[in-house]
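Subject: Structure handover, salt bridges

Hello,

Here is the structure I promised to pass on. Please open it first, then read my notes below.

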Amino acid sequence: MLFARSAHGVRGEACGPGAAGANTGSFAALIGLKPAPAAGTIADAALGSVIHEAMAETQDKPLPASARKLSKAREDGQLPRSRDLGHAAAIGTAAALLLSFSPWLVRRLQELLAGALQFDVSALGTADAMLRQLGGLVLQMLLLVVPLGAATIAAAVLAARLCGGWNWTLKPLMPRFDKLDPVSGFGRIFSRLQLIETLKACVLATVLLAVGARHLWSELGVFGGIAAQSLPAALASAGELLRGGLLLLLLALAAFAALDVPLQKWRNAHQLRMTHQEAKEELKQLEGNAEVKGRLRARMRQMSRQRMLSAVADADLVVMNPTHYAVALKYDEATMAAPRVVAKGADLLALKMRDHAAEHRVPVLQAPPLARALYAHTEIDEQIPAALFAAVAQVLAWVYQLRHAAPLQAQGLPAPQPLVPPELDPLQGGRPRRTRRSVR
């Protein structure tokens, strides 16, 4: 090893880093009075809940929801969902399948009906013949209905995915006993958002009724001619009328869904808006309390000092400057390619390292240029720079002499004065390396 050869050569020369609360609570709690047990208590409390919710809804919330609040709302199952989009997708899928496969479905139903009306005299001698035939008919009907139902469910699920995305959570299914409170229940029933939903449902029902009535009125003459047609022709004409009316209803549902999706997204974003106080509280929770963070940093510095002081006891020597800097070095020829810095400190910590080294009889060398260079260009648990091999080899050779010399001879050994390259000494123009951590 290069450093080992250098050290032995020198030795030979020397030896020789509100949410807002639930809008529940009674009217009495809102005005600060106790509710009296009277007949109108629940009604008054419900009115108070409505007023309280209206006040909460009109509260100034100028800030959009943060990413943390959106994530929490998603965990709670609070996502924009459009019922109209799900209804339009489910009904549209079912109608498209029925109209596309209607000829095949008609033939299949005719075959099932013909088979059900057949009667076999030999079946009279079997007690469970009717049950077997009924079971077979039910199974065949299920084979027709189940694919249609599965496609309808899949369409509704995909519609929900388009509006709010996938969200797997069981929190909405958990029992909530606050839902049983009649006061908050009245507040939810008569809330502004619930009134908007009710009005929207009434408008949708009115529009669908008007579209259906208009279609029936326009095709009233065709209905009169169906009675004079044969059964197959009458069924075909009725199917065409049904197809036209169903298409108009689906267009109305699709129009409502196109309006409801952005409305639900706006409503969800409006409900999750934040006040300035809520934003401050959330920022405080994310960053933590300043006092707690300060205590944690102080505790971490203390633990780091203790680790370094314990490492000083196992070091080979401590190089000082003489009071500003202290660097503890250790070298094991069997396991290390070069000496390593096991601890370093400045000012008060440097003095503590010196005292700790004296307690454990670790040699302390006053070599200001070397101490400054090691402190500036080496981190803890790192090897010394190659440019300082010769200087460190000199001081380690002096340490080895102290270990093997007699007590009287050790006192008379002169301390080395290692030479440090000027570019590594901060006082002589050498720029210190950017340190990752500094413990004081």
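Which side chain meets that of Lys200 in a salt bridge? That of Glu197, at 3.3 Å from N to O. A salt bridge here is a side-chain nitrogen of Lys or Arg within 4 Å of a carboxyl oxygen of Asp or Glu.

Some ground rules. This is a predicted model: local features need pLDDT of at least 70, side-chain atom pairs count only at pLDDT 80 or more, and totals for chains, interfaces and linings use all residues. Residues are numbered from 1 along each chain as its sequence is written, and side-chain values use heavy atoms, leaving out hydrogens and water.

The salt bridge count comes to 10.

Back to the pair. Lys200 and Glu197 sit three residues apart in helix H9 (residues 192-218), about one turn of the helix. Helices are DSSP runs of H or I, at least four residues, numbered from the N terminus. Lys200 is buried, at 18% relative accessible area. Glu197 is partly exposed, at 22%. Buried means under 20%, exposed over 50%, and partly exposed in between (1.4 Å probe, protein chains only).

Glu197 has another partner. Arg267 forms a salt bridge with Glu197, with the closest N and O atoms 2.8 Å apart. Arg267 lies in helix H11 (residues 231-271) and Glu197 in helix H9, so this pair ties together parts 70 residues apart in sequence. Arg267 is partly exposed, at 23%.

Asp355 and Arg354 also pair, at 3.6 Å from N to O. Both are partly exposed: Asp355 at 40%, Arg354 at 31%.

Finally, the network. Shared partners join Asp84, Glu197, Lys200, Asp260 and Arg267 into one network of salt bridges.

Best wishes

Terms used: Helix = DSSP H or I, 4+ residues; strand = E, 2+ residues; numbered from the N terminus.
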